[in-house]
Amino acid sequence: MTESVQRMPLAWTDDVLDLAEALEGHTPSAYVVGGAVRDAFLRAPIRDIDLVTQAGGRALARKIANLRGGAYYALDDVRDIGRAILRGRDGGRLVIDVSALRGASLEEDLLDRDFSINAMAVALTGSLDEVHDPAGGWGDLRARRLRLCRPDSLTRDPVRVLRAVRYSVQFGLRVEPDTLQAARAAAPLLAGVSAERLRDELFKLLAQPRARTGLVVAQHMGALAVVLPDALASRREDQRQTERVVETLSQFATAISPTRTDETAAQFGLGMFVIALDRFRGRLQAHLHHPWPDERQGRALLLLAGLLRHLSDELVEEYAITLRLSVAERQRLAAISRTWRTAAQVDCEDPVAVFRFWRAAGEAGPEALLLHLAERLASYDLDLDQDDWLAALERVRALLFAWYEDRERQVSPPVLVTGDELMRALGIRPGRLVGELLAGIEEAQVRGEVTTVQDALRWAQDALGNRRPGADG
């Protein structure tokens, strides 16, 4: 395959232009490669920049970090890869990875990549509209086609199967027949990929607005059965319900996000969701943008909970461990899975019921409520029960009001007495009883029965008097 250099209309961000200016005169030449070139063609945001140079990848990364006041990390001493982490023009995090050429030439390096749309390069210190395109990536982008650089690209790195799924939905690409066949053949090899790499690709897929489509494609390729085998329910109707739940969660996340448009809420069910919960939109938005490790998105964690919604708590925990989620992510996923079903039974006229829901759900409560609503709306299919749906929305609205706007009264009443104070005042020993009395005092507070320290001690004394003798362990 002969290297082709041609001019293309590219929209470079200020970050790339600043980098080109900073490295003017640098030798040997450095090239922007991969996704940044693709995104410049698509007019998409560029968050990560990959550079290649003939030699001195780590040295160039260090130089970039020094010039721009960023941080430097050596990623791979053997393959000469370094990373500079800078602050972008928009104030966000900008990651620049610099590596030495993989082969003897730029063309060989490009053809060693996964897909043709990622096998383009632009000389950073040259004309920024001249593109090296040996695999025909530009033509594939214009044709909205996803095609392998080489027939063995997927067997050499099977995680690219999941990447193919993500690219197809992220950029609206049709997977070319030979590439689709190769993906199906390589899907079983995903079992040998590290859990961390599978997790990262899965989360990137779940973060896409068209996540449901991606999951269907992944299932069609045979990838989902390897990555999340128990997520595929045995009955087809159960599978369809899970797909609808994931789709509805995606719609909710979009309705909450800054990208919401008038068309987002065109359907009655989604429109009423927007109206009922709009006062909490900004706070829910911040909740779904919680900064999990390695920039994993809260939206993706919520969709993972939806995908695993039919599994036992034990299996959900096993998946969380298998995917190498952080302890905080595992706790959040477990709490969502444990509490989303209970939302339907909460009587919001009963302050203790509201308190107990939030005590069980904690910070996972907003996601659990969104999953509860997604399950409810998806179950209607084409026959929406408007009264039932409006009642569900009102229940969730009341619960969110308690969490966001009336927390001290309904969710976290002020501490009136500590466990040590209770033990001294009542002459009881440390043990489960102390915790039960403290929990009882909190519930009496939300009922309005206890408002002072004296009230709390009196309530505890009465509660202790009603127990059998010796029951203070």
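This is a predicted model: local features need pLDDT of at least 70, side-chain atom pairs count only at pLDDT 80 or more; totals for chains, interfaces and linings use all residues.

Residues are numbered from 1 along each chain as its sequence is written, and side-chain values use heavy atoms, with hydrogens and water left out.

**Exercise 1.** Determine where Glu-201 is placed, whether Glu-201 counts as buried or exposed, and which residues are in contact with Glu-201.

*Solution.* 
Step 1. Glu-201 belongs to helix α9, residues 195–206. Helices (H or I, at least four residues) and strands (E, at least two) are DSSP runs, numbered from the N terminus.
Step 2. The relative accessibility of Glu-201 is 5%, so Glu-201 counts as buried. Buried means under 20% relative accessible area, exposed over 50%, and partly exposed in between (1.4 Å probe, protein chains only).
Step 3. When neighbours within four places in sequence are left aside, Glu-201 is in contact (heavy atoms within 4.5 Å) with Val-159, Leu-162, Arg-163 and Arg-166.
Step 4. The side chains of Glu-201 and Arg-166 are joined by a polar contact of 3.1 Å. A polar contact is a pair of N or O atoms within 3.5 Å; within protein, one must be able to donate a hydrogen and the other to accept it, and residues adjacent in sequence count only if both atoms are side-chain atoms.

**Exercise 2.** Classify the pair formed by the rings of Phe-41 and Trp-138, and state which helices hold Phe-41 and Trp-138.

*Solution.* 
Step 1. Rings of Phe, Tyr and Trp (its six-membered ring) pair if their centres lie within 6.5 Å; planes under 30 degrees apart count as stacked, over 60 as edge-to-face and the rest as tilted. The structure holds eight aromatic pairs.
Step 2. For Phe-41 and Trp-138 the ring centres are 6.2 Å apart and the planes stand at 80 degrees, so the pair is edge-to-face.
Step 3. Phe-41 lies in helix α2 (residues 35–42) and Trp-138 in helix α5 (residues 137–142), so this pair ties together parts 97 residues apart in sequence.
Step 4. Phe-41 counts as buried at 16% relative accessibility, and Trp-138 counts as buried at 12%.

**Exercise 3.** Identify the residue that lies over the face of Trp-138 and the residue whose charged end sits over the ring of Trp-403.

*Solution.* 
Step 1. A charge sits over a ring if NZ of Lys or CZ of Arg is within 6 Å of the ring centre and within 35 degrees of the ring normal.
Step 2. Over the face of Trp-138 lies Arg-142, at 4.4 Å from the ring centre.
Step 3. Over the ring of Trp-403 sits the charged end of Arg-407, 3.7 Å from the centre of that ring.

**Exercise 4.** Describe the salt bridge between Asp-114 and Arg-163, and state how many salt bridges the structure holds.

*Solution.* 
Step 1. A salt bridge is a side-chain nitrogen of Lys or Arg within 4 Å of a carboxyl oxygen of Asp or Glu. The structure holds 41 salt bridges.
Step 2. Asp-114 and Arg-163 meet through their side chains at 3.3 Å, N to O.
Step 3. Asp-114 is in the loop between α4 (106–111) and β7 (121–123), and Arg-163 is in helix α7 (residues 160–170), so the pair ties together parts 49 residues apart in sequence.
Step 4. Asp-114 is buried, with a relative accessible area of 6%; Arg-163 is buried as well, with 17%.
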